[in-house]
Amino acid sequence: MTGFAVQVRDLGVRYGDTQALDGASLDLPAGAIVGLLGRNGSGKTTLLSVLAALRKPSTGSVLVDGEDPFENERVMERVCLIRESGDVMADEKLSDTLDLVAAARPTWDGEYAAELLDAFELSLRKRPGTLSRGQRSAVGAVIGLASRAPLTIFDEVYLGMDAPSRYRFYDALLADYVEHPRTIILSSHLISEVERLFEEVVVLEAGRVLLAEDADSVRARGATVTGPKDRVAEATRDLTVIGRRDLGPTAEVTVFDALGADERARLDAAGLDIGPVGLQDLFVHLTGGKS
Ligand SMILES: Nc1ncnc2c1ncn2[C@@H]1O[C@H](COP(=O)(O)OP(=O)(O)OP(=O)(O)O)[C@@H](O)[C@H]1O
């Protein structure tokens, strides 16, 4: 099992007057950890709910493992969407929710779930309604990981978790992914924390796909060029400049281009420094600088 591939074509979803998705197209390979990024309201949750067959598209098409997921039992029981809201029975013991999940998911691993519950210090006897917000998020993390679904989706699930719990989740996810490769989508605003996990990156903007690429090539395209203002301006004139910062007589410009060896040598010869850019900074520059 290497996970499900996803194909989205010209996807549109409308809620009344709001066009939440507007011609979104993308391909996700089977067996990759995908970072889904986008500013508030860009359509991330809407896209994920279509992939998980919770919502029917208004226009366009979605294929999960080659099939339309809507009302498709085989696909639906193998796609696990964990939302911040939890989807657990708040007033029943956690063990009751886990029994239901186990019955619904052919890929569920009960032993692994028990290990994770231990790691997150969660008791099966607790009722989720009595847990703190962070503990409820940890329940979602446990269900998502132990489901081992060929398409597993975490929609901002770890928001309420404190930093040690979030890192425990990231580490568990990576370790389990290596043992049991599958397709995992993480939507997150905590980009600098999770970006090391990403193999593919999708950026949504106003319901459209701004970028869908493997993470290494996105990282490789970002660079800062720093030096005296005039020289930086001259040297970057023909490059795709997505950000600029003036520090007195010095300028730092962020470019988004595949800089080849010749280009780098030219910038170097002009006495300019070339530096790396993290995904978080690239995201901020690409989506308007105010995120
Ligand atoms: N049930 C709904 N009814 C009406 N409008 C909705 C509904 N759900 C989402 N929207 C609108 O659709 C757009 C996309 O929302 P969505 O929740 O998909 O964005 P998002 O990228 O997940 O945002 P965030 O990062 O804030 O969670 C927004 O303009 C939102 O207001």
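The sheet here is open, with six strands in the order 5-6-7-3-8-9 and mixed pairing. Two strands pair if DSSP finds at least two bridges between them. Strand 5 (79–83) and strand 9 (208–214) are the edges; each has a single partner strand, so one side of each has no neighbour in the sheet. Ignoring direction, neighbouring strands are turned against each other by 15 degrees on average.

Before going on, a word on the source. This is a predicted model, in which local features need pLDDT of at least 70 and side-chain atom pairs count only at pLDDT 80 or more, while totals for chains, interfaces and linings use all residues. Residues are numbered from 1 along each chain as its sequence is written.

Strand 6 (residues 151–155) and strand 7 (residues 183–187) run parallel and are joined by five bridges. Within that pair, Ile153 stands opposite Ile185 of strand 7.

Which strands does helix 1 touch? Helix 1 (residues 44–51) packs on the sheet against strand 3 (33–38), strand 5, strand 6, strand 7 and strand 8 (200–205), and its direction makes about 155 degrees with that of strand 6. Contact means C-beta atoms, placed from the backbone, within 7 Å. Angles run from 0 to 180 degrees between N-to-C directions, with axes fitted to C-alpha atoms, for helices over the stretch in contact. Helix 5 (residues 133–147) also packs on the sheet, touching strand 5 and strand 6, at about 170 degrees to strand 5.

Next, the ligand. Residues around the ligand include Tyr15, Gly16, Thr18, Gly43, Lys44 and Thr45, where the cut-off is a C-beta atom, placed from the backbone, within 6 Å. Helix 1 gives the largest share of this shell, three residues. Strand 2 (18–28) and helix 1 each supply at least two.

Last, the domains. An automatic or database domain assignment gives the bounds: the protein chain is divided into domain 1 (6–206) and domain 2 (218–286). Their centres, taken over C-alpha atoms, are 36 Å apart. Six residues of domain 1 are in contact with six residues of domain 2. On the domain 1 side, helix 7 (191–194) and strand 8 are the elements that give two or more residues.

Key
Helices (H or I, at least four residues) and strands (E, at least two) are DSSP runs, numbered from the N terminus. Two residues are in contact if their C-beta atoms, placed from the backbone, lie within 7 Å.
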